[in-house]
Amino acid sequence: MLEIKGLKVDLEDEEKTILKGVDLTVEAGKVHAIMGPNGSGKSTLSYVLSGRDGYEVTGGTATLDGEDILDMEPEERAAAGLFLAFQYPVEIPGVGNMTFMRTALNAQRKARGQEEISAADFLKLVREKAATLEMSNDMLKRPVNVGFSGGEKKRNEILQMAVLEPKMCILDETDSGLDVDAMKLVSKGVNALRDAGRGFLVITHYQRLLDHIKPDVVHIMSDGRIIKTGGPELALEVEKNGYADIKAEVA
Amino acid sequence: MALPQAKLDATEARLASMQRPEGGAWATAARDAALERVRAMGLPHARDEYWKFTKPDTLVSADAPQAALFEDDDAPAFDATDRLKIVFVDGVFDAEASDDLSLEGVTIERLADVAKADIHWARDLYGALETNGQTPVARPLAALNTAMATDGVVIHVTGKAAKPVNLIYHHKSESSDAILHHVIKLDEGAELTVLENGPAAARFNKAMEVDVADTARFNHVRTQGRDHERRAVTHVFARLGRESVFKSFTMTANGILTRNECVIELTGDDAVAHVAGACVGDGDFHHDDTVFITHDAVNCESRQVFKKVLRNGAVGVFQGKILVKEGAQKTDGYQISQSLLLDGDSEFLAKPELEIYADDVACSHGSTSGAIDEEALFYLRARGVPKPIATDLLTLAFLAEAVEEIEDEALRSDMVEKLSGWLERRRG
């Protein structure tokens, strides 16, 4: 589903290379996790894939179902089925959460040549998805992420994911700033979306999120490269011994 | 102090180009007095401090600069609202297009008619609030209006008006120079909504005096038409009694030059005054909101909320002042003026002022200008919203605080629709 080959990325403003050749394939129906120390390039990978400004791709490819996504605008990537759950969801005063989600869903549907969803059907859809995440009507009515706690913001990300039904979901440190209860709720929301046709790439520092969202494959990223790939046991190893051993092992 | 010769000459040249309307005893006296005020103050000049950010020359010149006509193809503002329509074409009353002037709870007359009478209640109001508003800052174009206005409406509200009164201003002559003056008197407990829309003329000078008695409520919503080349200087003068409410919102899209002045005096305790404006300008656009609110009673609230969206070299100006007089304790004053600059060519000039002579008050003011929030833009795009739509969504969100000052929901969505239509027509 998501195929990344030899991806090299510089920061645009500084002459600094962040990704030094990333190879990664996420198959449909699978959950891949990326772990790695601070500054290893995990978040950069998620931003580059979603089309954020400020990065220059100097080599390699990234395709979604065979389609080159690196040349697409962010909105085209979203319509193609890519979704990034932000590490720091943005507050947008003056734009209602419902308006935001409906505009996004209809824009994606339009881009895919589908009919727009009616207001009534949309309301039904959102209510149903919001129930799983225990999100109140008030949270749906408020401006996007304004006045939301850290946990509420992350739940709102997962709600958007549930409503937009992307093919490929990237979760960028979704566990950061969450207490145990919030993490359980978020994980429940994510697990409800696991499906044979959908791929996940879960970026995290810690093993604890992976207790709730069980990965099929775990990658370790360090200094802009995937240095080791294994099963769920690799996450446990990191939790126990840190990254130093793995780095030493592959050096 | 004697006026500079250049100012005297410009003032006399302007006056010589005009003909003072004929009228009965009271109107003649009011116009004579106003003319004296004009001569004493002189018309605005580019060197006047109060006109530092807006060039007054084309508002003062003997002849109105030409303004091309504009074919507006969308539905007129307020079309969905049941209202009493009063139509002026280039400042001339259009009886055929206007509704019958009878409305429950309200007496509506035309200034041109009541000015002929030797005596009329309007005598106590016409030019009176304007005169009050001349201190501490001179507003000579308002005095000129009182002296020279050819028509307008004179409204006495005795109860709750059955529906809004809509003043509609058409612009059909490229060189029209219109002066209208409205007087509105709300009795104790009375309620009225006045809607205004349209460009009015190539050059428009409009004044409106509103006397809001104790516990009365006055709502005002206007849009100033989409003609690019029109010029307008407008004044609203309001005096508020105890527990009265005054709310005014203005939407301005396009217009080569607009100066909207609003002068409010809170004279009764517990009164509330809100003035708001949302303007959108593209290219040859200069929009000036000048507001002066005087708190002269206890426990009054005032809000000024002005938002401007500017692109392609458009210019926005805000001069807003809250004056809290001695003894006006428990004053709650709020003022915000913000601009969204959609490119590097546009400009926003702001002069927010507070002057406070009471010690137990809460007043705040803020003024900012900024660009579209790139983080928010990316967030919307990452969810699939195309850049132009995302930009419009954020622009409307920026304007929302001003638009939300409109109490009536239907009128509010009418204005939002007009604003989003304007943005949509400019989508890249």
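1. Start with the lining of the largest pocket: by class, 12 of its residues are nonpolar, seven are polar and 11 are charged. Keep in mind as you read that this is a predicted model. The space in this pocket comes to about 640 Å³.

2. Who lines it? There are 30 lining residues, and those nearest the centre are Asp72(B), His170(B), Asn197(B), Gly198(B) and Pro199(B).

3. Now go to the second largest pocket, with about 550 Å³ of space. Its lining has 19 residues, and Gly94(A), Gly96(A), Ala400(B), Glu404(B) and Val416(B) sit nearest the centre. Two or more residues each come from β7 (92–96) of chain A and from α8 (387–403) and α9 of chain B. Helix α8(B) has the largest share, with six residues. Sorted by class, this lining holds 10 nonpolar, four polar and five charged residues.

4. Next, the rings. Over all chains, the whole structure has 10 aromatic pairs. Take Trp26(B) and Tyr126(B): their ring centres are 5.7 Å apart and their planes meet at 80°, so this pair is edge-to-face. Trp26(B) belongs to helix α2 (residues 25–41) of chain B, while Tyr126(B) is in the loop between α4 (111–114) and α5 (128–132) of that chain, so the pair ties together parts 100 residues apart in sequence. Are these two buried or exposed? Trp26(B) has 5% relative accessibility and counts as buried; Tyr126(B), also at 5%, counts as buried too.

5. Two other ring features deserve a look. Ring pairs join Phe86(A), Phe100(A), Phe378(B) and Tyr379(B) in a cluster. Over in chain B, Arg259(B) lies over the face of Tyr50(B), 5.2 Å from the ring centre, and also over the face of Trp51(B), at 3.7 Å from that ring's centre.

6. Finally, have a look at strand β3 (residues 31–35) of chain A. Five of its five residues are buried, so the strand is largely enclosed by the rest of the structure. Val31(A), Ala33(A) and Met35(A) point one way, with His32(A) and Ile34(A) pointing the other. β3(A) runs parallel to β10 (residues 199–204) of chain A, joined by five bridges, and parallel to β11 (residues 217–222) of chain A, joined by four. You can follow Met35(A) to both neighbours: its bridge partner in β10(A) is Thr204(A), and in β11(A) it stands opposite Ile220(A).

Technical notes. Residues are numbered from 1 along each chain as its sequence is written. Chains are lettered from A and ligands numbered from 1 in the order in which they are written. This is a predicted model: local features need pLDDT of at least 70, side-chain atom pairs count only at pLDDT 80 or more; totals for chains, interfaces and linings use all residues. Side-chain values use heavy atoms; hydrogens and water are left out. Rings of Phe, Tyr and Trp (its six-membered ring) pair if their centres lie within 6.5 Å; planes under 30 degrees apart count as stacked, over 60 as edge-to-face and the rest as tilted. Buried means under 20% relative accessible area, exposed over 50%, partly exposed in between (1.4 Å probe, protein chains only). A charge sits over a ring if NZ of Lys or CZ of Arg is within 6 Å of the ring centre and within 35 degrees of the ring normal. Two strands pair if DSSP finds at least two bridges between them. On a 1 Å grid over the protein atoms alone, a cavity is a set of points where a 1.4 Å probe fits but cannot get out, and a pocket is an open set with protein on both sides within 12 Å along at least five of seven lines; lining residues have an atom within 4 Å of a point. Grid points are joined across faces, edges and corners, and a volume is the space filled by probe spheres set on the points. Ala, Val, Leu, Ile, Met, Phe, Trp, Tyr, Cys and Pro count as nonpolar, Asp, Glu, Lys and Arg as charged, and the others, Gly among them, as polar.
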